[in-house]
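Me: I would like to go through the labels given to this structure and see what each one rests on. Please set the values against the cut-offs as we go.

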Amino acid sequence: MPRSKWFAAAGTAAAITMIMAPATHAASAPSPTAPAHAAAVTTLYYDSTRAPGWEAAITAGVASWNANVANVKLAKVRPGTRAEIQIIATNGWPQATLGPVRPGGQARVELGSLAVTEGHDKTRIAAHEIGHNLGLPDTKPGPCSQLMSGSSAGTSCKNSVPNAAERSRVESAYAGRGAASLTPADGRVLVDAH
């Protein structure tokens, strides 16, 4: 194909992509220069403005998920846009909506201070609760190597990295399907008290 026709075709594809992308998430549309075989990445936005004192733990928990799964990425919500994941600090036990949350959906994470008072690691709590939003149930009791074992691993456990099985389950939940065909979030609230 002549170079000028290729650029015209690429520009048309980019325009179609931008028209089909939701307005609040248009920046996450794939680049027209991305390889055709690249898997689509689902971007979920989170709002942690109501979780004072948890900023470092949330940042580290999000970074752990972003470093360990490829099909879904978590990003801080941009001003004027809606977040799929609302993260708040509470005085109770940590809890979260069981996902997988989808673009345009709604999930909640409550980072409860009772677990911190008992001695549990804040970053592990944040990563664990976000794991619920990504579709992972608790695996209690379980070893420290399982992020979703939560508090059952004991207060000495600092692991905030999902293991291979947990990563695989999240990758499968967000694997290369159009957002419209994805199974909606479960919606149950899982409380992580013992």
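Reply: Contact here means heavy atoms within 4.5 Å. The model is a predicted one. Among contacts between residues at least 6 apart in sequence, 63% join residues at least 24 apart.

Me: What makes up the protein, in helices and strands, and in which order do they come?
Reply: The protein has 5 helices and 6 strands. Along the sequence they follow the pattern α-β-α-β-β-β-β-α-α-α-β. Of the 194 residues, 42% count as buried.

Me: Why are Cys144 and Cys157 called a disulfide?
Reply: The sulfur atoms of Cys144 and Cys157 are 2.0 Å apart. The cut-off is 2.5 Å, so the pair qualifies. By this rule the count comes to 1 disulfide. In general, a disulfide is a covalent bond between the sulfur atoms of two cysteines.

Me: Which hand does the link of Cys144 and Cys157 have?
Reply: The link of Cys144 and Cys157 is right-handed, with 85° about the S-S bond. Cys144 and Cys157 each lie in the loop between α4 (122–133) and α5 (164–173), so the pair ties together parts that are 13 residues apart in sequence.

Me: Where is Pro141, and what makes its label buried or exposed?
Reply: Pro141 is also placed in the loop between α4 and α5. Its relative accessible area is 73%; the cut-off for exposed is over 50%, so Pro141 is exposed. Pro141 and Gly154 are 13 residues apart in sequence, with their C-alpha atoms 10.0 Å apart in space.

Me: What makes α4 a mostly covered helix?
Reply: Of the 12 residues of α4, 11 are buried. The buried residues include Thr123, Arg124, Glu129 and His132, as well as Ile125 and Ile130.

Me: How do you know that the span of α4 agrees with its number of residues?
Reply: At 1.5 Å a residue, the 12 residues of α4 should span 16 Å. The end C-alpha atoms of α4 are 17 Å apart, which agrees.

Me: What is found at the start of α4, and what follows the helix?
Reply: At the start of α4, a side-chain oxygen of Asp121 reaches to within 3.3 Å of the backbone nitrogen of Thr123. The cut-off for a polar contact is 3.5 Å, so this pair falls inside that distance. Gly135 follows α4 and has a positive phi, near 105°.

Me: Why are Glu110 and Arg108 called a salt bridge?
Reply: The closest N and O atoms of Glu110 and Arg108 are 2.9 Å apart. The cut-off is 4 Å, so the pair counts as a salt bridge. By this rule the count comes to 1 salt bridge. Glu110 counts as buried at 16% relative accessibility, whereas Arg108 counts as partly exposed at 34%.

Me: Where is Asn68, and what does its side chain reach?
Reply: Asn68 is found in helix α2 (residues 55–68). The side chain of Asn68 reaches the backbone oxygen of Ser64 at 2.7 Å. At 24% relative accessibility, Asn68 counts as partly exposed. Leaving aside neighbours within four places in sequence, Asn68 is in contact with Val161, Pro162, Arg167 and Glu171. Asn68 and Glu171 are 103 residues apart in sequence, and their C-alpha atoms are 9.6 Å apart.

Me: Why is Thr42 called buried?
Reply: Thr42 has a relative accessible area of 11%; the cut-off is under 20%, so Thr42 is buried. Thr42 is in strand β1 (residues 42–50). Beyond neighbours within four places in sequence, the contacts of Thr42 are Asn71, Val72, Lys73, Pro103 and Tyr174.

Me: Which residues have the most contacts inside the largest nonpolar core?
Reply: The largest nonpolar core has 31 residues, and Trp65, Leu74 and Leu134 have the most contacts inside it. The elements that give two or more residues to this core are β1, α2, β2 (72–76), β3 (85–90), β5 (107–112), α4 and α5. Beyond neighbours within four places in sequence, Leu134 is in contact with residues including Trp65, Leu74 and Val170. In soluble globular proteins, nonpolar side chains tend to be buried together.

Methods. Residues numbered from 1 in each chain as written. Predicted model: local features only at pLDDT ≥ 70, side-chain atom pairs only at ≥ 80, totals over all residues. Heavy atoms only, no water. Helix = DSSP H or I, 4+ residues; strand = E, 2+ residues; numbered from the N terminus. Buried < 20%, exposed > 50% of the residue type's maximum accessible area, 1.4 Å probe, protein only. Polar contact = N/O pair within 3.5 Å; in protein donor to acceptor, adjacent residues only side chain to side chain. Salt bridge = Lys/Arg side-chain N within 4 Å of Asp/Glu carboxyl O. Expected span 1.5 Å × (residues − 1). Core = buried A, V, L, I, M, F, W, Y, C linked by side-chain atoms within 4.5 Å.
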